[in-house]
Amino acid sequence: MARSLHAAPRWALLLSLVILLSCLISPGAAVKHENFKKCDQSGFCKRNRAYADDVYAKGSSWSSPYELDSNSIQFKDGQLQGVILKTVSAGEKVRLPLTVSFLESGVARVVVDEEKRTKGDIELRHESKARKQRYNEAGKWALVGGLELSKSASLDPETEAGVTKVLYGPEQKFQAIIRHAPFEVDFQRDGETHVKFNDRGYLNVEHWRAKVDEPKEDQAEDQSTWWEESFGGNTDSKPKGPESVGLDITFPGYVHVFGIPEHADSLSLKETRGGSGNHDEPYRLYNSDVFEYELNSPMTLYGAIPFMQAHRKDSTVGVFWLNAAETWVDIVKSKTSANPLSLGVGAKTTTQTHWFSESGQLDVFVFLGPTPQDLSKTYGELTGYTQLPQQFAIAYHQCRWNYVTDEDVKDVDRKFDRYQIPYDVIWLDIEYTDGKKYFTWDPLTFPNPEGMQGQLDESERKLVIILDPHIKNEANYPIVDDLKSKNLGVRNKDGDLYEGWCWPGSSHWVDCFNPAAIDWWASLFKYDKFKGTLRNMFVWNDMNEPSVFNGPETTMPKDNIHYGDWEHRDIHNVNGMTLVNATYKGLLERKKGEVRRPFVLTRSFYAGTQRLGAMWTGDNQANWDHLAASLPMVLNNGIAGFPFAGADVGGFFGNPSKDLLTRWYQAGIWYPFFRAHAHIDTRRREPYLAGEPYTAIISQAIRLRYQLLPAWYTAFHEASVNGTPIVRPQYYVHPSDEHGFALDDQLYLGSTGLLAKPVVTEGATSVDIYIADDEKYYDYFDYTVYQGGRKKHIVPAPLEKVPLLMQGGHIIPRKDRPRRSSGLMKWDPYTLVVTLDKNGQAEGTLYVDDGETFDFERGAYIHRRFSFSDSTLASENLGTKGPKTAEYLKAMSGVRVEKIVIVDAPQQWQEKSSVTVIEEGAKSGSTAPLEFHLQQNGKAPYAIVKNPGVGIGKTWRIEF
Ligand code: NOJ
């Protein structure tokens with residue numbers, strides 16, 4: 001959050017000035033810890049940690065009070081049902097219905113509810129309007145498929161008393177071993193346990209009970225946080241009393257766990273129970289606008305994806321904790337030698353996690369891998385894959401808070417051209433509006449938005465404007481009038497329209513859980529409604545955690561009420577995504593028949609938001625540490641299924657030095673979402689302002705991104721069909737090489753074999769690149785050879801150099817002609833770079849479509865596999881025909897390959913001067929000239945084939 005000085009009342013203005021001044025004099029920006037809860041300030045977090053500590057302290061003298069009633073168990077059609085009994089006292093047992101579903105994909109899902117709340121058989125306090133049940137609709141937002149129950153899952157005939165075993169998964173190689181008393185589940189693959197539930201006995205389902213004013217002495221549990229909680233001057237009325245769910249999940253033999261974004265931390269998650277190098281606090285997931293967030297921290301940030309991957313040599317497993325309420329995750333790692341039966345040979349470290357959420361059902365999915373790709377695939381089947389974005393969305397975005405007039409935008413646009421720097425999108429932050437009223441333009445500063453968009457369109461460029469969920473509470477603003485009269489806003493605990501403060505001052509919040517609100521919000525995007533917008537306008541949803549300046553922890557009170565009478569507490573982490581969903585819908589059809597892929601950037605997100613748009617890491621700072629931190633953050637988002645991610649290039653707060661800005665661009669070209677952005681108080685920093693040599697170096701970096709757009713688009717396509725990250729961390733690409741598991745500062749682009757290691761330290765003139773595999777890697781620019789095989793190489797990286805290697809064995813598609821925008825590259829010819837592996841072979845893929853519409857769903861695309869072996873380079877079709885295939889291929893028939901580079905070309909090609917080209921449908925073969933370049937000084941020889949003229953959508957062969 002960063003408050004604007006505009007359109008605020010006097011007191012707010014003065015306050016802002018004081019804050020601003022104190023920021024200017026303080027040496028470094030720092031998060032205000034006192035504004036956000038620590039675990040012991042969050043009632044249920046404290047209670048669950050205390051529960052764990054108590055269980056741990058009691059050791060073997062303690063036994064978990066949860067028991068699966070053996071008589072209740074039924075197994076039918078891939079699903080086990082039963083009732084867990086929680087013993088509260090000798091005479092009192094609480095009934096907790098259990099459902100374990102075994103899915104066709106090999107994923108298992110465990111759901112525990114509470115019978116009394118299910119039936120609404122509880123009392124609410126304070127005359128609350130809230131619903132009585134535990135929240136059970138997180139899946140409605142997060143899940144889109146993959147729930148088909150397994151037909152082959154079956155009870156294991158080899159039973160023991162008190163244990164139920166279910167065989168499931170591919171070829172029934174998975175097994176769930178469900179112990180009844182205490183209730184525990186072991187998930188096995190090939191006879192070995194990989195995931196354990198309630199192994200440590202921390203299962204805790206806080207059941208409903210009536211408030212007793214004076215608890216009896218012998219029941220004197222600490223009730224101080226059960227019925228009401230205060231923090232920072234706000235009181236949460238907690239009408240349902242305590243209702244948290246907690247569970248320990250253990251990964252035996254696993255050293256590393258990744259995922260559960262969003263945190264500014266290393267990729268490999270740290271222990272959270274103290275000790276040197278560890279955190280003291282659990283990782284928190286409670287979407288928040290954290291002003292000046294700190295690094296190396298488990299503090300919550302703007303988004304939450306409760307999906308975790310555990311990795312060890314040759315095995316990846318994971319869990320997805322489907323809960324939309326505030327959630328915390330504790331992690332400890334223990335050295336174990338015991339229980340050789342359930343541990344892999346040589347396994348020493350076990351990662352033990354402990355998850356707890358404030359409300360809702362306990363709902364956990366278990367993934368048994370064994371590869372990281374299996375996890376991406378199966379998790380994506382459930383929550384959806386990355387939206388295949390429009391082509392422009394993966395190019396370069398130029399943003400700042402703010403471009404101040406429409407003439408300013410046009411001027412920046414012209415300057416990019418004058419300096420020959422490509423860009424695709426220019427962005428408008430909140431100041432374009434008339435007094436922070438969304439869906440309006442400031443009439444003084446943006447009198448001619450259409451003219452502005454028209455100029456952008458001349459070079460196929462786009463405009464993105466910001467639209468936040470807070471609606472200004474002001475007379476004569478039709479949008480707020482609508483919101484009120486149609487009852488589409490979030491309500492407070494008394495059932496009245498909730499009012500809070502954000503950029504516009506007094507505001508209301510649209511409740512996008514409400515289908516009527518979704519339709520209404522979507523309708524506002526029609527061209528005749530939102531006057532002054534053209535078809536090249538797209539949207540940025542910010543502040544959707546939601547950020548409420550005067551709310552508890554800068555967000556909404558938890559006892560606010562949403563559509564369906566759910567409390568805000570229940571849905572908080574999904575809230576941001578519901579706005580993106582409504583915006584997506586709005587962009588889908590702004591005019592009848594004009595259906596194109598929407599583009600929405602969001603700050604807040606949950607599992608599933610990847611289907612709807614891109615995210616960025618919020619308000620970072622212009623310093624080297626934040627540049628470094630952006631890499632693990634972006635990588636982590638990718639392995640948590642939301643790879644269309646980036647960080648503000650240059651850093652949001654503060655003014656980067658020219659070196660830092662330059663290095664940030666060189667790193668930013670590796671963010672799937674590549675956007676420069678800056679706070680309103682910063683100096684202008686468009687790349688052409690940097691001066692030489694910086695401007696030229698930054699331009700080169702941006703051009704490199706544009707040159708590789710075909711490879712990027714192919715990586716996005718892969719993500720959109722199988723969930724693989726667009727940029728991949730080391731462990732994901734080399735899952736057998738333990739040395740690389742914790743590496744999070746170098747990355748691979750999709751399956752291209754491109755390995756980048758951005759410079760993130762001041763003054764560095766080289767980088768260390770670690771190469772796991774026994775392959776040759778080649779410098780992207782001069783083909784210097786780096787031999788891999790668990791080797792670290794020092795690669796020169798003076799300021800002008802982007803450290804980038806190509807793994808041997810790949811064919812990388814590029815477009816080499818510099819243009820002003822990606823739209824203008826549409827018909828440009830391709831270059832293929834072939835890097836030979838140690839066997840003299842290579843392969844790669846290319847995916848192309850119109851980059852704009854949904855016609856690819858009807859076959860309008862090109863998907864090729866290129867391969868090189870036995871002196872032949874070939875292109876074969878990977879696509880399947882659809883009704884639009886022929887038309888698309890015809891339109892693309894003029895797009896050809898203009899150049900082929902073979903890196904590490906065989907020496908005997910020195911004698912050759914041409915190659916033979918054979919294309920499908922051609923009457924006879926032709927030839928194309930070949931140039932051989934001998935290289936020394938550690939550089940690989942290479943050959944160039946000029947203008948082979950083969951069609952990019954055609955099947956062909958080139959014989960060398
Ligand atoms: C907060 C966002 O994180 C930032 O990117 C934006 O510039 C400001 N809001 C103003 O809209």
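Glu-243 sits in the loop that runs between strand E13 (234-236) and strand E14 (245-251) of this predicted model. Although the residue belongs to a loop, Glu-243 counts as buried, because its relative accessibility is 2%, and the cut-off for that class is under 20%. Leaving aside residues up to four places away in sequence, Glu-243 touches Arg-117, Arg-134, Glu-206, Glu-358, Ser-359, Gly-360 and Asp-570.

**The ligand and its surroundings**

The ligand is surrounded by 13 residues, and the closest of these are Asp-429, Asp-542, Arg-603, Asp-619 and His-677. Sorted by class, the shell consists of eight nonpolar residues, one polar residue and four charged residues. Polar side-chain atoms approach the ligand at the distances listed here.

| Residue | Ligand atom | Distance |
|---|---|---|
| Asp-542 | nitrogen | 2.7 Å |
| Arg-603 | oxygen | 2.9 Å |
| Asp-619 | oxygen | 2.4 Å |

Taken alone, the ligand would expose 290 Å², and the protein buries 100% of that area.

**Ile-465 in strand E24**

Ile-465 is part of strand E24, which spans residues 462-466, and it counts as buried because its relative accessibility is 0%. Which residues does Ile-465 touch, not counting those up to four places away in sequence? The contacts are Leu-428, Tyr-432, Trp-441, Phe-530, Met-537, Phe-538, Val-539 and Trp-540. Ile-465 and Leu-755 are 290 residues apart in sequence, and their C-alpha atoms lie 34 Å apart in space.

**A six-stranded open sheet**

Six strands form an open sheet in the order E33-E34-E35-E40-E37-E38, and their pairing is antiparallel. Strand E33 (727-728) and strand E38 (785-787) stand at the edges, where each has a single partner strand, so one side of each is left without a neighbour in the sheet. In general, the strands of a sheet pair through backbone hydrogen bonds, in either a parallel or an antiparallel manner. Within this sheet, strand E35 (residues 754-756) pairs with strand E40 (residues 804-807) in the antiparallel sense, and three bridges join the two. Ala-756 has Leu-804 of E40 as its bridge partner.

Conventions:
Residues numbered from 1 in each chain as written. Predicted model: local features only at pLDDT ≥ 70, side-chain atom pairs only at ≥ 80, totals over all residues. Heavy atoms only, no water. Pairing = 2+ DSSP bridges. Helix = DSSP H or I, 4+ residues; strand = E, 2+ residues; numbered from the N terminus. Buried < 20%, exposed > 50% of the residue type's maximum accessible area, 1.4 Å probe, protein only. Contact = heavy atoms within 4.5 Å. Near = heavy atom within 4 Å. Polar contact = N/O pair within 3.5 Å; in protein donor to acceptor, adjacent residues only side chain to side chain. Areas by Shrake-Rupley, 256 points an atom, 1.4 Å probe, with all protein chains shown as cover. Nonpolar A, V, L, I, M, F, W, Y, C, P; charged D, E, K, R; others polar.
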